[in-house]
Amino acid sequence: MTIKPLIILPDPVLRQVSAPLEQVDDAVRGLASDMLDTMYDAPGIGLAAIQVGVPKRMLVIDLSKEDEEKKPQIYINPEIVQFSDDRSTYEEGCLSIPDYYAEVERPAKITVKFVGIEGQEHMLEAEGLLATCLQHEIDHLNGVLFIDHISRLKREMVIKKFTKAAKIRA
């Protein structure tokens, strides 16, 4: 069990575009395990590799409730291949932007193509919270944060707050 330090706004690493993984090997499986440990410890429901400083296209999700058995999901090289026209709004937060939440509107349903932890290709149709979470984490792989989907004024206020906090920590 390895809990990795989280990259926090305004760290420029969060704006990097992650590179595809060429193969699924023991190192990738180890990273996935560490990411799940880190996400559960935070606690959160999703985590992209870039949030622990690894610019690779991998993310983990677990939408199970606290009192339920864990249901970890690992997505390697995920790609959204279809979006619905219908929209849904969820209050989103982010482990890299602690204690800040905002309503974000996204497509209600998506189809995602990805590679599983054993190296096999999958297609998944997702809606509801899973669709929102996948879009949020895939955004991370593209250097996009959920605050990029809110008004410029709110986004600038959040960035200013986290920049000030980073200077105090330094």
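This is a predicted model: local features need pLDDT of at least 70, side-chain atom pairs count only at pLDDT 80 or more; totals for chains, interfaces and linings use all residues.
Local features need pLDDT of at least 70, side-chain atom pairs count only at pLDDT 80 or more, and totals for chains, interfaces and linings use all residues. Residues are numbered from 1 along each chain as its sequence is written, and side-chain values use heavy atoms, with hydrogens and water left out.

**Exercise 1.** Work out how Tyr75 and Phe114 are arranged as an aromatic pair.

Step 1: Rings of Phe, Tyr and Trp (its six-membered ring) pair if their centres lie within 6.5 Å; planes under 30 degrees apart are stacked, over 60 edge-to-face, the rest tilted.
Step 2: Tyr75 lies in strand E3 (residues 73-83) and Phe114 in strand E6 (residues 109-115), 39 residues apart. Strands are DSSP runs (E, at least two residues), numbered from the N terminus.

**Exercise 2.** Decide whether Tyr75 and Phe114 are buried or exposed.

Step 1: Buried means under 20% relative accessible area, exposed over 50%, partly exposed in between (1.4 Å probe, protein chains only).
Step 2: Tyr75 has 3% and is buried; Phe114, at 11%, is buried too.

**Exercise 3.** Find the backbone feature of Asn77 and of Asp99.

Step 1: Most residues other than glycine have a negative phi.
Step 2: Asn77, in strand E3, has a positive phi of about 50°, and Asn77 is partly exposed at 21%.
Step 3: Asp99, in strand E5 (residues 97-107), has a positive phi near 65°, and Asp99 is exposed at 65%.

How values were computed. Helices (H or I, at least four residues) and strands (E, at least two) are DSSP runs, numbered from the N terminus.
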